[in-house]
Amino acid sequence: MVDNLNKRFLINEILVDFDSLSVQVGGSKRSIEVKHAELLRLLIINKGQVVTREVILNTVWPGTIVSDNSVSQLVVQLRKLLGDNPSDPKIIKTVPRLGYQCIAQIEKAPTLLEQIEEISRGRGVQFALIGFTVGLLVSVFTKFAVELWQSKTQQSYLSATRITSSPGAEVFIRFSSDGKYLAYSYLAEGADQFDLAVYDLETKITHTIKSSGYSEESASWSSDGNWLIYSRSDPFSCEVRALNIKGPVETWRLARDNLLDSCNSAQDSAPWLEYQAGHFITKAWDKYGAYLQSVHISIDDELMRVIGKKPLPFRDITHYQVKHQSLLYQSKEQGIYFSELNNLKQTENMTTRVSKQAYSAISQGRALGTVVVAKQNIELWESHDKQTLYSGFGTISELDVNAVASVSAHTEGVAEVNFYQLEINESVVSAQKQLTSPARMDLIATLSQDGASFIYASVGAENRNAQQFELWHKHAFMPTSSLLGTLPLGEVPALLLLSPSGDYLAVMSKSNKVFLVSAFTKEVKKIIDNFAQIANLHWSKDGKVLNYQAKLSQMQSWQRWQFNLSQGRSEQYMQSVVERELVLAERNLSFTDYQAQVRDYLVNKLDSQFDVEQLRVSLSLYQPAVYRDGVYFVLKRGHQLILYRYLTHESKLELIQPIGLHLYSGISELQVLSSYDGTKVIFNRINNYESDIVLLQY
C-alpha cells in the first residue's frame, strides 16, 4: 500500500498528482476529474486486492442511487485517460463477476531535489548541480524551439469545466446569444424522455425548465433572448413550441408557451436558428431526405406564430448553425460549407466549401470565418491553419461556440451499440439474445444465408483522431466471438459481404477500397483500390469471383470488373457478357439506388397503414432486411423502436415486437439483418448512451 496519497505518485511511468488533479502520460499533461481521481485512489489503496463494484458505488457516489453501468463507464473513462488497454491491462484489471484490481507498480514520484541528489551520487553535488542547470537550460531552449515550430498545430491550454456528470445523456446544447445561459436536454434517472434544462453560466446553477412527461428537445433562442423554441414529442405526436422567458430564469418553468408548428415524432428534432429578426432556419424532411428551410415568424409580447415557410437549396443536412449572418452546414458524406445569408435568392452562388471530410460536430468560431470541428478532438480552423484545442473522453457529438462570452460547450461521451438476435418460426418469436459485448460499439454486420455465421465490425482503438475497426466472427455453434482481423487505421467499413462458402469476407470501405479477409489465415488484404467509386459488389454463386462496377473518375462512365480469387487480381470484362439480374433479396447496400428501391417498395405497400413521412424517416434510421419471403423493418414512434415484417406473397403486415429505445440521433448507421429464409433476425441498437457537457473558457 502507498503512504501519503495526497501527493504525487508514479503509476508505472505515469505521473499522478492528486493535489492538482492531473496526470502526465507520455509527456502530455491531462486533467483528471474528481470522480476519476476517487476511483484511482480507491484502487491504489487496495493495490493487489479486488475492489468490488458495490464498494466503488458507495465510495464514489456516497448516498446517491446510480446505475451499475456508471461504474463501467467510469472505469472505461479512467482507462482511456491513463492509456490502459482493457484487453492487455497494465494498470486496471477486470476480475469477472467480482470487480477491478490495481496491478500497476506504484511508487512515490521524486522531487526536484531528490532528482539532483540521485544525479550527484559519486560525482559531487556541485558538479551535479552545474550539469543539471546546463541540462535544464538546454531543455528549456529545446522545448521553446519545438513549441515555436509547432505553434500552428499544438494543443492550446483552455480552462475546461464539466458541468454535468449524471448517468445518462445530456444533449441538444445551445447558448443564448449573450452567452449567459446554456440550454440542453437531459434524461432523468430511469426516464425514457428528455427534460429541458438551462444552465446559468454566472451562478453556475442548473434550472429544469420543462419536465412534462413528454420529450423536450433541441431548444434554441430568439436573438433578443425573450423566447426559447423547443420540440415536444411523444410516440404519437410532435409539436414545436415557443416559451416566453422575459422574467428571471427562476420563473421560466412557470412561463407561458404556445404552439408554433407541428413536426413528426419519427424525425430528429431540429433547432430553429434566427438569422435576422423574425426569420429562422430549421431542418425539414420530404420524400428525398432532409433539407433546410427558412421560416418567417411574427412576434408580439404574448405570442409567436408562423407566417410562411420557404425551402432552401441545401439537402442531406446533418449539422447546421447560423451566426454572423452566415450559415455553416454539413452535408452527409460531402463535407462542410459556408453560405452567406444576406440574399437567400443567391445562396447557391454564395457557398464556399470548407472541408471534404465530415465531422461529428461543427460550429462557427469566435472570429468571423473561423470553424471549429470535432470528432475525438476539437480543432480550430482559421484560413489554412489548424490548431487542436482539446482532447475529449469518448466521441464529441455536439458543439456550440459563443463569441460574446468567449466560451464553448460540447458533449462528450460513449455509446454502446450492440447486436441482438431473434428467432422466428411460425409466428413464435424467441426472446432477444445479445450477441456482442456491451462495452463496444458494433456498427455494421453481415449474416450468412443460413444464419449460422455472423460477422460484425466493431470500433477498436482511437489513434490520431481516426477510428480503427475490428472484424469479429460469431458462429451459431460457438459460445464466443473470435477476432477475424483489423482494418487499416482510418478505413471505415460501408459493407461486409460473406462469400457463399463462408471462407472469405469482402469489406468495402467508405473510401472506395475493398479488402479481402481469409477465415483461415485471418489476413486482411487490400484487393481493390484506385477507383473514384465502386458499386454493385457481389459474389459469384460459386464464391470464386467478386463482381463489381467501378469508375476511374467521377466524370467517367461505369465499367464492369471481376476479382478472381485464384488469380489474385481484378480484370475488366466485356460489356457483352450477360449477367443474371439479381433479385432484391440478393442485392446489398453497394447497389445503385438499393436503399431507394427498398424504401419505395415499402412505402407503396404500406402507405395506407402508416404515416408516409414517419415511415420514410424510420427507414433512413434503420436499413431494412430483404429476405426470400418479405422485408423486416423498424418503425420509430417517438423514442420507441418496433420491429415489423411485410410478407410479399401474402401482402400481409406483421408486428413482431418492440426492440428498444432510440433516444439520440448521434448514430444513424443501424441495420436489420435476416437469414435468407427469414427465421433468424439480427439488429443493433444504441444502449446506455452516456454523455456529459464540458465548457471551455478561451
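This is a predicted model: local features need pLDDT of at least 70, side-chain atom pairs count only at pLDDT 80 or more; totals for chains, interfaces and linings use all residues.
Visitor: Which residues of helix 2 are buried?

Guide: The buried residues of helix 2 (residues 53-60) are Arg53, Ile56, Leu57 and Val60. Seen down the axis of helix 2, these residues fall within an arc of 100°, so they line one face of the helix. Buried means under 20% relative accessible area, exposed over 50%, and partly exposed in between (1.4 Å probe, protein chains only). The arc is taken from the directions that lead from the helix axis to the C-beta atoms. Helices (H or I, at least four residues) and strands (E, at least two) are DSSP runs, numbered from the N terminus.

Visitor: What covers the buried residues of helix 2?

Guide: The cover includes helix 1 (34-45), strand 5 (50-52), helix 3 (69-82) and strand 7 (99-102). Contact means heavy atoms within 4.5 Å. Arg53, Ile56, Leu57 and Val60 in helix 2 meet Val71, Ser72 and Leu74 in helix 3.

Visitor: How do the axes of helix 2 and helix 3 cross?

Guide: Axes are lines fitted to C-alpha atoms, for helices over the stretch in contact, and angles run from 0 to 180 degrees between N-to-C directions. The two axes come within 10 Å and cross at roughly 85°. Helix 2 and helix 3 are therefore roughly perpendicular (65 to 115 degrees) to each other.

Visitor: Which cysteines form a disulfide?

Guide: A disulfide is a pair of cysteine sulfur atoms within 2.5 Å. A search of the whole structure finds 1 disulfide. Cysteine 238 and cysteine 263 form it, with their sulfur atoms 1.9 Å apart. Cysteine 238 lies in strand 16 (residues 237-244), and cysteine 263 in the loop between strand 17 (257-262) and strand 18 (273-276), 25 residues apart. Cysteine 238 is buried, at 11% relative accessible area, whereas cysteine 263 is partly exposed, at 28%.

Visitor: In what order do the 4 strands of the open sheet lie?

Guide: Strands of a sheet pair through backbone hydrogen bonds, either parallel or antiparallel. Two strands pair if DSSP finds at least two bridges between them. Here the order is 10-11-12-13, with antiparallel pairing. Strand 10 (170-175) and strand 13 (205-210) are the edge strands, each pairing on one side only.

Note on methods. Residues are numbered from 1 along each chain as its sequence is written. Side-chain values use heavy atoms; hydrogens and water are left out. Angles under 35 degrees count as roughly parallel, over 145 as roughly antiparallel, 65 to 115 as roughly perpendicular and the rest as oblique.
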